[in-house]
Amino acid sequence: MKIPFFRYPHVFEQHREEALAAFLKAADRGAYILQDEVQEFEETVATFTGARHVVGVANGTDGLMLALRAAGVGPGDEVIMASHTYVATAAAVHFIGATPVLVECAADHLMDLDAAAAAITGKTKAIVPTQLNGRTCDMAGVMELAKSRGLLVVEDAAQALGSRFRGQCAGTFGLAGMISLYPAKLLGCLGDGGLVMTNDDGMAKQLRLLRDHGRDAEGEVVAWGVNSRLDTVQAAVLLAKFKHYPDEIARRREIAARYREGLAGLRQMALPPGPDEGDHFDVYQNYEVEAERRDELRAHLAERGVGTIIQWGGKPVHRLSGLGFEAASLPRTEAIFERCFLLPMNTSILADEVDYICDVIRGFYE
Ligand SMILES: Cc1ncc(COP(=O)(O)O)c(C=O)c1O
């Protein structure tokens, strides 16, 4: 068998005819910038997630940057986040002039709340929990901590569209939340794209100004802004794909359950929580496992046609060079990065392929 980690052509092929028709409908009208499809897609996601407002932007990184900026975070402020996140979370903070403060993650690989609490100083302005791998943090705990210490919460929900904690969607707990629409994400477009969700009317207004050169609905410039709009043709394709999104989440949850069954009892591995555990509704952007002899296991899988990756090129943010975190030491996160990697998890994976991967892993440890 040949099971690549991700099948990029599938992002388009999967719903090819519908996506093509949607693209042509926009392109044939010459509808490229902030046309009807953008608003329709924003409203569709708002209905799906329960967010009061959704604002389409050029990519997730911009979305987080604009949300933090609209929230008033800036020079002199510290922003707490887990080091087990994409460099983009920290870069968004850096580029508004604030300082990212990196903390440990817990056993489920999401931000450790005690570590976040311990990192709060007089300069801390916000917490940015990453809703990693399609799982939402204990947002009751995050919101309580933020409230008790007078901090803002802006969620990096890049990997978590439709993920829920106690029935509420990722991205809708804090002042704002960002979703990435990068091709390999849960809902991927044919290039870059992103969303910001907020329940705050003032934030939504600010975000709409910020993403479009500070122009209001009449086209009048009333504030400083940038160019970070979700393309209309991308919104058209996303709308077509979104019809299938609930089924795709269900499919990912089935695959997760199948991995859990196939790898049950293997003491050499730690698996992500199952799809129906506790307060969480996980949507499995990724299937991130921990494994003994990880590198040998990955080589064994590769020799048998199975592609895997280690998230973020194998390093948490505080271990990336050139960013100024050389002095940071996060031993628990570092220990996880000795063991963690991602098994294939996407809607192109077949049940037989999951079974094969589980057999190959079992064969390795036997
Ligand atoms: C956790 C996390 N944060 C931020 C981003 C950045 O999103 P984008 O690539 O859309 O800018 C990504 C994905 O790429 C991500 O996985």
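Strand 10 and strand 12 (residues 287–291) run antiparallel and are joined by 2 bridges. That is enough to call them a pair, since DSSP has to find at least two bridges between two strands. Strands here are DSSP runs (E, at least two residues), helices are runs of H or I with at least four residues, and both are numbered from the N terminus. This is a predicted model, in which local features need pLDDT of at least 70 and side-chain atom pairs count only at pLDDT 80 or more, while totals for chains, interfaces and linings use all residues. Residue numbers start from 1 along each chain as its sequence is written.

The open sheet itself has 3 strands in the order 10-12-13, with antiparallel pairing. Its edges are strand 10 (269–270) and strand 13 (340–343), each pairing on one side only.

On to the domains: an automatic or database assignment sets the bounds, giving domain 1 (10–242) and domain 2 (245–365). Their centres, taken over C-alpha atoms, sit 24 Å apart. The contact draws 29 residues from domain 1 and 26 residues from domain 2, with contact meaning C-beta atoms, placed from the backbone, within 7 Å. On the domain 1 side, helix 5 (87–94), strand 6 (164–165) and helix 9 (232–242) each supply at least two residues.

As for the ligand, 15 residues surround it, and the closest are G60, T61, Y86, A158 and S180. A residue counts as near if its C-beta atom, placed from the backbone, lies within 6 Å. Helix 4 (60–70) and helix 5 each give two or more residues to this shell.

Key
Contact = placed C-beta atoms within 7 Å.
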